Every structure is written in structure tokens, then in C-alpha cells.
Amino acid sequence: MAYFPFFVDIEGKGCLIAGGGTVACRKALTLMDYGPDIIVVSPQVTSEMERLIKESGGKLTWRCREFEESDLENMDFVIAATSDEGLNRQISIWCRERKIPVNVADIQEECSFIFPALIKDGGITVGISTGGSAPALAHYLKEKLKEAIPKGLGGLANQLGSYREMVRERVNSHHVRRSIFRTMTEEGIRQGKYTREQAEELIERKLAEHEK
Ligand SMILES: C[C@@]1(CC(=O)O)c2cc3[nH]c(cc4nc(cc5[nH]c(cc(n2)[C@H]1CCC(=O)O)[C@@](C)(CC(=O)O)[C@@H]5CCC(=O)O)C(CC(=O)O)=C4CCC(=O)O)c(CCC(=O)O)c3CC(=O)O
Ligand SMILES: NC(=O)C1=CN([C@@H]2O[C@H](COP(=O)(O)OP(=O)(O)OC[C@H]3O[C@@H](n4cnc5c(N)ncnc54)[C@H](O)[C@@H]3O)[C@@H](O)[C@H]2O)C=CC1
């Protein structure tokens with residue numbers, strides 16, 4: 001069954017990760033690019049996780065002990081990645097009772113959300129899922145797509161985003177606005193950037209064409 005990709009703003013949200021092993025570390029690393037406040041609960045963590053904690057500037061913290069049910073208080077989402085399968089299942093049950101989204105690395109049926117394979121460039125995110133049937137295939141597709149996507153699109157998206165207000169203020173027609181944004185995108189990809197001066201000129205030109 002295919003999963004629907006809701007894109008969620010998790011900046012500043014509370015994330016609890018139970019376990020500090022390889023899987024926990026991989027999930028923490030993925031999430032950290034999106035700015036949540038992560039708490040890891042685990043009696044032990046890998047050296048890689050320890051490094052992430054030290055370098056996180058307080059965004060990733062560690063409770064050095066076994067998981068307790070009360071760790072779920074005030075959490076927005078949870079990842080159960082301990083080596084104790086029974087505990088992971090129990091965490092999933094507690095989360096579902098509290099309507100907290102939960103991911104259990106080793107048991108898909110216990111997940112209310114799953115991780116995609118990700119390509120990220122600034123505000124642009126490409127997420128790939130196989131609905132859980134073949135994670136290695138999601139990984140393969142990610143590598144293929146990475147090769148196909150031009151570099152620097154995150155910067156371009158940011159630039160085009162900064163012209164949105166100007167276009168909306170100056171151009172009433174939805175039709176003309178759409179044409180402007182499509183041209184900006186095509187030209188921006190061709191040139192690798194699109195300056196404010198070019199944006200202003202394009203607006204004037206499209207408005208003049210439209211008035212003809
Ligand atoms: C359901 C899901 C839940 C979740 O983890 O969220 C899940 C579950 C499981 N993964 C397993 C194994 C592997 N996982 C990977 C890799 C990734 N797995 C990821 C996601 C997901 N894995 C979710 C579904 C994603 C989808 O829809 O496709 C990725 C995309 C993202 C990430 O993990 O962050 C990341 C690629 C990251 C990247 O490249 O960017 C590899 C390949 C490799 O490592 O090269 C293998 C070994 C090969 C194999 O077994 O297929 C096992 C069996 C464990 C066992 O029995 O040993 C289970 C459990 C089960 O199948 O029930
Ligand atoms: N390694 C992999 O690529 C994959 C692993 N899995 C499954 O995910 C789970 C985690 O895997 P790994 O990270 O490789 O294991 P790991 O052995 O590296 O890490 C397990 C972590 O859980 C912690 N832990 C154990 N009991 C705990 C408790 N009561 N409370 C809090 N933390 C506790 C340990 O201290 C350790 O940090 C396992 O069940 C594994 O079968 C699933 C998919 C892929």
C-alpha cells in the first residue's frame with residue numbers, strides 16, 4: 001500500500017528517540033537538518049551519536065538511562081529504536097493511546113509514520129518511499145535522482161521565493177503571475193540564478209504583453 005507524503009514543519013518540535021544505536025543515530029542525523037529538539041533516551045549511545053550530541057548546540061540532548069513511559073510527556077513525535085523489540089512495541093502502543101506519531105524501526109505495522117529516503121537542498125526536499133516494501137530500492141532511487149537533479153536548486157528556490165510578494169503586488173492576473181513564475185523558473189534553472197533586476201524586467205515585459 002502506498003503512503004501519502006505529508007510534508008510537515010518540525011522545526012522546534014519535540015522529538016523523543018528511544019535507543020542510541022546505529023538506527024537511532026541515522027534517524028537523528030536525518031531529522032537534524034529539519035530543526036526539531038531531539039531527546040535521546042538510552043543507557044548507551046554510539047560514539048557517532050555522542051559526537052552529534054556535542055556538536056548540536058543543545059538541539060540534541062541525552063538522558064543516560066532506560067526509557068520510561070513518562071519520557072513521552074510533551075513529545076510531538078517519537079522514534080522507538082531500542083534493541084528490545086518488546087519495548088519498541090510497547091512504546092508504539094503508548095504513543096498511539098496518546099495520539100503521538102510514532103516510528104518503530106524494526107516493525108512497520110507499529111509505525112504511524114515511516115521515513116523516506118531523502119534528498120535535501122535548502123527548502124527543497126525530495127522524499128522517496130516504497131510503502132515499506134523495499135527500503136533498498138528507495139535508497140537506489142535516491143542515488144539515481146541525485147544524479148539527475150541540478151546542483152544549487154535550493155538557492156534558486158529561495159531566490160524565486162523572495163520575489164513572490166513583489167509579483168503578487170504588481171500583477172493582478174493569476175494567469176500572468178503563473179506565466180511569470182514559470183518563465184523565472186525555466187530561466188533560473190538555465191542560468192543557475194535569477195536576479196531581482198531580471199525579475200523586475202520580466203514583470204514589466206509580461207504586463208506590457210498582456211495589455212496588448
Ligand atoms: C518501513 C521503514 C520504517 C522506517 O525505518 O521508517 C523501514 C523498515 C525496515 N528497513 C529495513 C532494512 C533496511 N533499511 C534500509 C534503508 C532505509 N530504510 C529506510 C526506511 C524504512 N525502513 C521505512 C520504509 C521506507 C520505504 O517506504 O521504502 C530509509 C529509506 C530511510 C531511513 O531509514 O532513514 C533507508 C534508506 C536511506 C537512504 O538511503 O537515504 C536498508 C538498505 C540499506 O541500508 O542500504 C535495509 C536493508 C535491506 C532490506 O532489508 O531491505 C528492515 C529490515 C530489518 C531486518 O530485518 O534486518 C525494516 C523492517 C521491515 O521491513 O519491517
Ligand atoms: N541496523 C539496521 O540497519 C536496522 C536495525 N533494525 C532494528 O532496529 C533496532 C535498533 O537497531 P540498532 O540501532 O542497530 O541496534 P543497536 O544495538 O545498535 O542499538 C540499540 C540501542 O538501544 C538501547 N537500549 C536497549 N535497551 C533500552 C531501553 N530499555 N531503553 C532505552 N534504550 C535502550 C541500547 O543502549 C542501544 O543504544 C533493532 O531492533 C534492529 O533489529 C531495523 C532496521 C534496520
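Guide: What follows is a short talk about strands, ligands and a record entry.

Visitor: What kind of model is this, and how is it numbered?
Guide: This is a predicted model, where local features need pLDDT of at least 70 and side-chain atom pairs count only at pLDDT 80 or more, while totals for chains, interfaces and linings use all residues. Residues are numbered from 1 along each chain as its sequence is written, and chains are lettered from A and ligands numbered from 1 in the order in which they are written.

Visitor: Is strand 1 mostly covered or exposed?
Guide: Strand 1, residues 14-18, is mostly covered, since four of its five residues are buried. Strands here are DSSP runs of E with at least two residues, helices are runs of H or I with at least four, and both are numbered from the N terminus. Buried means that 20 or more other C-beta atoms, placed from the backbone, lie within 10 Å of the residue's own.

Visitor: Which strands does strand 1 pair with?
Guide: Strand 1 runs parallel to strand 2 (residues 37-41), joined to it by five bridges, and it also pairs in the parallel sense with strand 4 (residues 77-80) over four bridges. Two strands count as paired if DSSP finds at least two bridges between them.

Visitor: Who sits opposite whom?
Guide: Ala 18 has Val 41 in strand 2 as its bridge partner, and Ile 17 stands opposite Ile 79 in strand 4.

Visitor: Switching to the ligands, which residues come nearest to ligand 2?
Guide: Of the 22 residues around ligand 2, the nearest are Gly 19, Gly 20, Gly 21, Val 23 and Asp 106, where a residue is near if its C-beta atom, placed from the backbone, lies within 6 Å. Helix 1 (22-32) and helix 3 (85-97) are the elements that give two or more residues to this shell, and helix 1 gives the most, with three.

Visitor: And which element gives the most to the shell around ligand 1?
Guide: That is helix 4, with five residues. The residues that come nearest to ligand 1, out of 22 around it, are Phe 115, Ser 129, Thr 130, Pro 135 and His 139.

Methods. A residue is buried if 20 or more other C-beta atoms lie within 10 Å of its own, exposed if 12 or fewer, and partly exposed in between; C-beta atoms are placed from the backbone.
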